[in-house]
Amino acid sequence: MKQKLLMEQLVKLFGNEAKNAKVIAYKDWSSDSETAVEEDSSLHKNYQSYGQPLVDGVWEKKIIFTSTETDQDSSGHLEGALRSAEQAVYKIIGIKNKL
């Protein structure tokens with residue numbers, strides 16, 4: 001099943017020529033004991049969100065922090081990093097609380 005999904009993704013990215021690949025080296029990092037732990041395979045876990053740090057003084061309105069740890073809904077996950085980055089962009093272009 002994973003090979004089928006992998007091939008479908010390669011075709012989406014590179015077109016039908018991807019079906020003619022001579023070799024496909026596939027590594028499931030989630031099953032590698034050096035890069036993942038058992039907890040990583042559990043359902044979406046919410047890690048602690050630290051929110052936005054207090055910025056005042058000379059840096060107020062001049063610096064925006066963006067990281068997975070600042071997102072309230074998906075802290076500790078890629079989704080949190082993406083949401084945090086989107087929120088920073090919205091703040092820069094003047095859109096309030098888009099997410």
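**From the whole chain to one residue**

In this predicted model, 17% of the 99 residues of the protein chain count as buried, a residue being called buried when its relative accessible area is under 20%. The protein chain exposes about 8500 Å² in total, and 56% of that area is supplied by carbon and sulfur atoms.

When we turn to the secondary structure, we find that the protein chain has two helices and zero strands. The radius of gyration of the protein chain is 19 Å, which is well over the 13 Å that the globule rule gives for 99 residues, and therefore the chain is more spread out than a compact globule. Taken along the principal axes, the box filled by its C-alpha atoms comes to roughly 60 × 35 × 20 Å. If we consider the contacts between residues at least 6 apart in sequence, 23% of them join residues that are at least 24 apart.

Which residues line the second largest pocket? Its lining is made up of Gln52, Pro53, Val55, Glu60, Lys61, Ile63, Ile64, Phe65 and Lys91, and these residues divide into five nonpolar, one polar and three charged. The volume of this second largest pocket is about 210 Å³.

Is Leu82 buried, exposed or partly exposed? Its relative accessible area is 49%, so Leu82 is partly exposed, since that class lies between the cut-offs of 20% and 50%. Along the chain Leu82 and Ile92 are 10 residues apart, and their C-alpha atoms are separated by 15 Å.

How values were computed:
Residues are numbered from 1 along each chain as its sequence is written. This is a predicted model: local features need pLDDT of at least 70, side-chain atom pairs count only at pLDDT 80 or more; totals for chains, interfaces and linings use all residues. Side-chain values use heavy atoms; hydrogens and water are left out. On a 1 Å grid over the protein atoms alone, a cavity is a set of points where a 1.4 Å probe fits but cannot get out, and a pocket is an open set with protein on both sides within 12 Å along at least five of seven lines; lining residues have an atom within 4 Å of a point. Grid points are joined across faces, edges and corners, and a volume is the space filled by probe spheres set on the points. Ala, Val, Leu, Ile, Met, Phe, Trp, Tyr, Cys and Pro count as nonpolar, Asp, Glu, Lys and Arg as charged, and the others, Gly among them, as polar. Helices (H or I, at least four residues) and strands (E, at least two) are DSSP runs, numbered from the N terminus. The radius of gyration is taken over C-alpha atoms; the globule rule is 2.2 Å times the number of residues to the power 0.38. Buried means under 20% relative accessible area, exposed over 50%, partly exposed in between (1.4 Å probe, protein chains only). Contact means heavy atoms within 4.5 Å. Accessible areas come from the Shrake-Rupley method with a 1.4 Å probe; for residues, only the protein chains shown count as cover.
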